[in-house]
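The sequence and the structure come next.

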Amino acid sequence: MASNKKIVDEVPGWIRVFEDGTVDRTWTGTPEMEPLLKPVSPHEEFINGVAVRDQIIDPKTGLAVRIYVPEMKNNVQTKAKIPLILHLHGGGYCICQPDWSLYYHFNTRLVSSVQAVLVSVYFRLAPEHRLPVAVEDSYTALLWLRATARGELSDKWLTSYADFNRVFLVGDSSGGNLVHQVAARAGFDDIEPLKLRGGIAIQPGFISDKPSKSYVEIPENPLSTREMMKKFTSLAVPIGSTGEHPIVWPIGPQAPPLTTLKLPPMLVVVAEMDLLRDYQLEYCEEMKKAGKEVEVFMNYGMRHSFQFNKLAIDIDPEMAAQANKMVEVIVSFINRN
C-alpha cells in the first residue's frame with residue numbers, strides 16, 4: 001500500500017514521491033476540486049458540437065494524443081479545411097492529463113469557438129520522466145502531424161478536417177514553456193508541409209531563482225502557492241539542475257539568446273493576480289527586444305489557471321467575462337494568422 005511507504009518528496013494534495021521511486025498522484029486536497037480532475041471518456045459522436053478520440057502515436061513509448069474535431073458550421077458547403085492546434089497541457093510537468101474534465105471543457109469550448117482541430121499530447125510526466133522528456137514527447141507529436149501531412153501516416157480526422165498550412169501551438173502554465181521550446185526547435189527543422197503560424201502561451205510557467213515583484217507580493221491561494229511552484233520545478237528539472245534551467249526560464253543565462261531563434265508570432269495571455277505575472281511580462285519584453293512578434297493580453301483581477309475552474313466561472317459573472325475575453329483574443333489571434 002502506498003500509505004505504508006516513506007514519502008521522500010511531495011506537493012501536498014497533488015503528488016507524493018516514495019523512497020522506492022514510485023509516485024502517487026491521487027488527489028488528496030479539497031473535495032470541491034475532484035470533479036475538475038476526473039477523466040472524461042472519448043466520444044466519436046458529436047456531443048455539444050465536438051467529437052473526441054484518443055490515439056497512440058508512438059507504440060514504443062505509449063505516447064498518445066487526444067484529438068478534438070468540431071461539428072462543421074460555415075465550412076460544410078465549401079469543405080474548407082480548418083486550423084490545427086497542437087495543445088500542450090500544464091501541471092508543472094508533473095501532473096495533469098489531456099482527458100481531465102478541466103481540459104475537456106476548456107478545449108471543447110476552444111475547438112467550437114475557433115472552429116479548429118485540436119490535438120492534445122499525453123506527454124510523459126516528471127519526476128519519473130524529467131525534462132526534457134516533456135519537450136521531446138511534444139515535439140514527437142508535431143513530427144507525427146508532419147508525417148500525417150506528408151501522407152506517410154494516415155489519420156481520418158486530420159486528413160478530413162485539418163489545414164496543415166495553419167498550425168498553432170497552445171499551452172497553459174508549464175505548457176506555455178513547452179510552446180516556446182517546440183516552436184524554437186521547429187524553427188531549425190524541416191516541418192514542411194506544416195506551417196507554424198503562431199504560438200499561444202496562456203499564463204506560461206516561466207520562473208527563475210531570482211524572485212520577481214509579483215512572485216513576492218501577490219497573495220497566494222491554496223491552488224497556486226510559491227512552495228508548489230518551486231517544488232514542481234525541482235521535481236521536473238534534471239537532477240543537479242537549478243531553477244534557471246532553460247526550459248523553465250527561457251530568457252535566462254543558460255538559455256539560447258532569443259535573437260538566435262526562429263519563432264512564429266506569439267500571443268502571451270497573462271493573469272493580473274498570477275504569482276508568475278512579472279516573469280511572463282519580462283519574457284515578452286525580451287522577445288520584443290530580440291525583434292520577435294509578440295502580443296500580450298491581460299486578464300485583470302484573475303489568478304493563475306482561473307479559466308479552468310468551471311465551477312467558479314458558472315457562478316461568478318466577472319470570472320466568466322474574463323474567460324470569454326481570453327477565448328475571444330485567442331480566436332482573433334488565430335484568425336489573423
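In this predicted model, strand β11 (residues 266-271) is largely enclosed by the rest of the structure, because six of its six residues are buried. Buried here means under 20% relative accessible area. Cover is found on both faces of β11: Met266, Val268 and Val270 are buried on one side, and Leu267, Val269 and Ala271 are buried on the other.

Strand β11 has pairing partners in β10 and β12. Strand β10 spans residues 196-202 and pairs with β11 in the parallel sense over four bridges. Strand β12 (residues 294-299) runs parallel to β11, and six bridges join the two. Here Ala271 has Asn299 of β12 as its bridge partner.

| Strand pair | Sense | Bridges |
|---|---|---|
| β10 and β11 | parallel | four bridges |
| β11 and β12 | parallel | six bridges |
| β2 and β3 | antiparallel | two bridges |

An open sheet is formed by three strands in the order β1-β2-β3, with antiparallel pairing. Its edge strands are β1 (7-11) and β3 (23-24), each of which pairs on one side only. Strand β2 covers residues 15-18 and is joined to β3 by two bridges. Within that pairing, Val17 stands opposite Val23 of β3. Helix α7 (residues 226-236) packs on this sheet and touches β1 and β2. The direction of α7 makes about 125 degrees with that of β1.

The remaining item is a helix pair. Helix α2 (residues 101-114) packs against helix α10 (residues 317-336) at an angle of about 45 degrees, and their axes lie 10 Å apart. How are α2 and α10 oriented to each other? At that angle they are therefore oblique, and their crossing is right-handed.

On the α2 side, the contact is made by Phe106, Arg109, Leu110, Ser113 and Val114. On the α10 side, Ala323, Asn324, Met326, Val327, Ile330, Val331 and Ile334 take part. Sorted by class, the contact of α2 with α10 has nine nonpolar, two polar and one charged residues.

Notes:
Residues are numbered from 1 along each chain as its sequence is written. This is a predicted model: local features need pLDDT of at least 70, side-chain atom pairs count only at pLDDT 80 or more; totals for chains, interfaces and linings use all residues. Side-chain values use heavy atoms; hydrogens and water are left out. Axes are lines fitted to C-alpha atoms, for helices over the stretch in contact, and angles run from 0 to 180 degrees between N-to-C directions. Angles under 35 degrees count as roughly parallel, over 145 as roughly antiparallel, 65 to 115 as roughly perpendicular and the rest as oblique. A crossing is left-handed if the near helix is turned anticlockwise from the far one by less than a right angle, and right-handed if clockwise. Contact means heavy atoms within 4.5 Å. Ala, Val, Leu, Ile, Met, Phe, Trp, Tyr, Cys and Pro count as nonpolar, Asp, Glu, Lys and Arg as charged, and the others, Gly among them, as polar. Buried means under 20% relative accessible area, exposed over 50%, partly exposed in between (1.4 Å probe, protein chains only). Two strands pair if DSSP finds at least two bridges between them.
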